[in-house]
Amino acid sequence: MKKESTIKQHYLWGDITKGIAIILVIAGHSYFPKNISNFIYLFHMPIFFLLAGYFFNFSKYCNNLTLLVKSSAKRLLLPAFLWKFFFFNVTNRNFLNNLLIILYGSGCNVLNFKISIGAAWFLPCLFLVRILLWIFLKLVKIFKTNDIINCIIAFFITLTGIYIGKYIKLPWSLDISLVALYIAYIGYLLNKYAYYKKKFLSAIIIIITSICTYFDYKYFGLDLNDRIYTNPIISINTAIGLSILVIEISMLLEKVQITYLNLFLKYLGVNSIIILLSHHIAYSDKLNLVMTLLKNMLNIMPTNPYLYGIFITIWRLIVCILIIEIFTLIPAIKKIFSAVSIISIIQEYRNNK
């Protein structure tokens with residue numbers, strides 16, 4: 001019984017972390033001033049890669065790569081490609097061109113070709129990260145190398161990904177997947193060594209991360225999708241440190257039990273794939289008129305960029321929530337996108353009280 005409770009709490013902070021991270025993703029795309037968006041870009045996507053490594057169940061997939069590929073494809077690739085296939089062919093009738101764009105799976109244009117699938121790039125990239133992490137852990141198990149050596153090797157793989165990304169943006173952002181392998185492996189080690197039980201180590205990492213964040217923000221910077229790795233040693237490790245801080249905040253929120261805030265963040269976290277795919281719709285031409293009317297009613301103008309950024313973030317969040325709730329009403333779509341309604345989240349909480 002005690003073990004069951006631990007598992008539930010374990011996943012609660014994980015969902016809260018994803019909820020915070022997906023809000024940061026929306027905010028990063030919501031026209032905040034550069035000082036805000038540049039800071040968000042330091043770590044908003046690495047959080048997901050770190051969590052992917054932390055929750056990666058290697059023992060489950062150790063001798064069954066096929067199971068990993070199938071489950072990851074169902075969870076990540078199917079919703080990404082179906083969403084983009086539907087959305088592109090509603091807004092643009094060039095079927096063959098749309099299909100090629102979707103299959104390439106890039107988050108930005110390659111050379112002079114417009115082949116971006118937007119924020120959906122992250123899902124095939126994460127799919128590849130899971131496969132690469134499996135291969136890496138399998139090799140580690142065979143050669144029985146120690147974890148320090150493994151971290152060094154993983155970081156050299158990251159540098160390889162950075163080098164490739166300078167010259168070509170690979171399909172499914174494979175070059176970014178190579179970069180993210182190191183982040184995912186650190187996440188795996190955090191779980192392996194029960195890092196969050198070691199308070200002294202946690203305090204040291206917070207101090208080091210704070211110092212590195214200052215230099216990274218002021219002099220360097222990180223943007224995975226645009227392949228901006230100004231100083232890989234500082235930037236990648238700062239991203240990991242900031243991601244750990246977000247996890248610490250999530251654990252604190254769970255501990256202090258701010259019930260409805262936690263439930264809302266959990267709701268966003270479990271539906272983070274839908275939000276990632278749909279948040280750009282809220283700024284599309286079809287919804288632009290509604291948004292303009294709301295701005296005028298609230299007297300919020302772009303002359304105040306901070307208020308404007310907050311407004312766009314909230315507006316996009318509202319549209320995403322509406323899409324989630326619509327998805328939960330259609331069984332087939334609900335299953336494909338793993339949509340969970342806010343009512344079911346609240347009911348689950350009340351049933352477990």
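# A guided tour of the predicted model

Begin by selecting helix H11, residues 232–256: its 25 residues reach 36 Å from the first C-alpha to the last, close to the 36 Å expected at 1.5 Å a residue. The structure on display is a predicted model.

**Salt bridges**

The structure holds four salt bridges, and this tour visits some of them. Select Lys18 and Asp15, whose side chains meet in a salt bridge with an N to O distance of 3.9 Å. Both residues belong to helix H1 (residues 2–28), where they stand three residues apart, about one turn of the helix. Asp15 has a relative accessible area of 12% and is therefore buried.

Now select Arg227 together with Asp175. The closest N and O atoms of this salt bridge are 2.8 Å apart. The pair links distant parts of the chain, 52 residues apart: Arg227 sits in the loop between strand S1 (222–223) and strand S2 (228–229), while Asp175 sits in helix H9 (residues 174–192). Both Arg227 and Asp175 are buried.

Continue to Glu348 and Lys266, which form a salt bridge through their side chains (3.3 Å, N to O). Here too the pair links distant parts of the chain, with Glu348 in helix H17 (residues 342–352) and Lys266 in helix H12 (residues 259–270), 82 residues apart. Are the two partners buried or partly exposed? Glu348 is partly exposed, with a relative accessible area of 38%, whereas Lys266 counts as buried at 16% relative accessibility.

**Polar contacts of Asp147**

Select Asp147, which lies in helix H8 (residues 147–167). At 14% relative accessibility, Asp147 falls under the 20% limit and so counts as buried. Which side chains does the side chain of Asp147 contact? Another is made with the side chain of Lys192, at 3.1 Å.

**Aromatic pairs**

The structure holds 24 aromatic pairs. Select Phe39 and Phe43: the ring centres are 5.3 Å apart and the planes stand at 65 degrees, so the pair is edge-to-face. Phe39 counts as partly exposed, at 32% relative accessibility, whereas Phe43 counts as buried, at 6%.

Proceed to Phe49 and Phe122. Their ring centres lie 5.1 Å apart with the planes at 55 degrees, so this pair is tilted. Because Phe49 lies in helix H3 (residues 46–54) and Phe122 in helix H7 (residues 122–143), the pair ties together parts that are 73 residues apart in sequence. Phe49 is buried, with a relative accessible area of 0%, and Phe122 is buried as well, with a value of 5%.

A further selection shows a cluster: Trp13, Tyr54, Phe55, Tyr195 and Tyr196 are linked by ring pairs.

**A nonpolar surface patch**

For the last stop, display the surface and select Ile207, Ile211, Tyr214, Phe215, Tyr219 and Phe220. These residues make a nonpolar surface patch of about 600 Å². One of them, Tyr219, lies in helix H10 (residues 199–219). With a relative accessible area of 47%, Tyr219 is partly exposed.

Notes
Residues numbered from 1 in each chain as written. Predicted model: local features only at pLDDT ≥ 70, side-chain atom pairs only at ≥ 80, totals over all residues. Heavy atoms only, no water. Patch = residues over 30% accessible without salt bridge, like charges linked within 9 Å, V, L, I, M, F, W, Y side chains within 5 Å. Areas by Shrake-Rupley, 256 points an atom, 1.4 Å probe, with all protein chains shown as cover. Helix = DSSP H or I, 4+ residues; strand = E, 2+ residues; numbered from the N terminus. Buried < 20%, exposed > 50% of the residue type's maximum accessible area, 1.4 Å probe, protein only. Phe/Tyr/Trp six-rings, centres within 6.5 Å; stacked < 30°, edge-to-face > 60°. Expected span 1.5 Å × (residues − 1). Polar contact = N/O pair within 3.5 Å; in protein donor to acceptor, adjacent residues only side chain to side chain.
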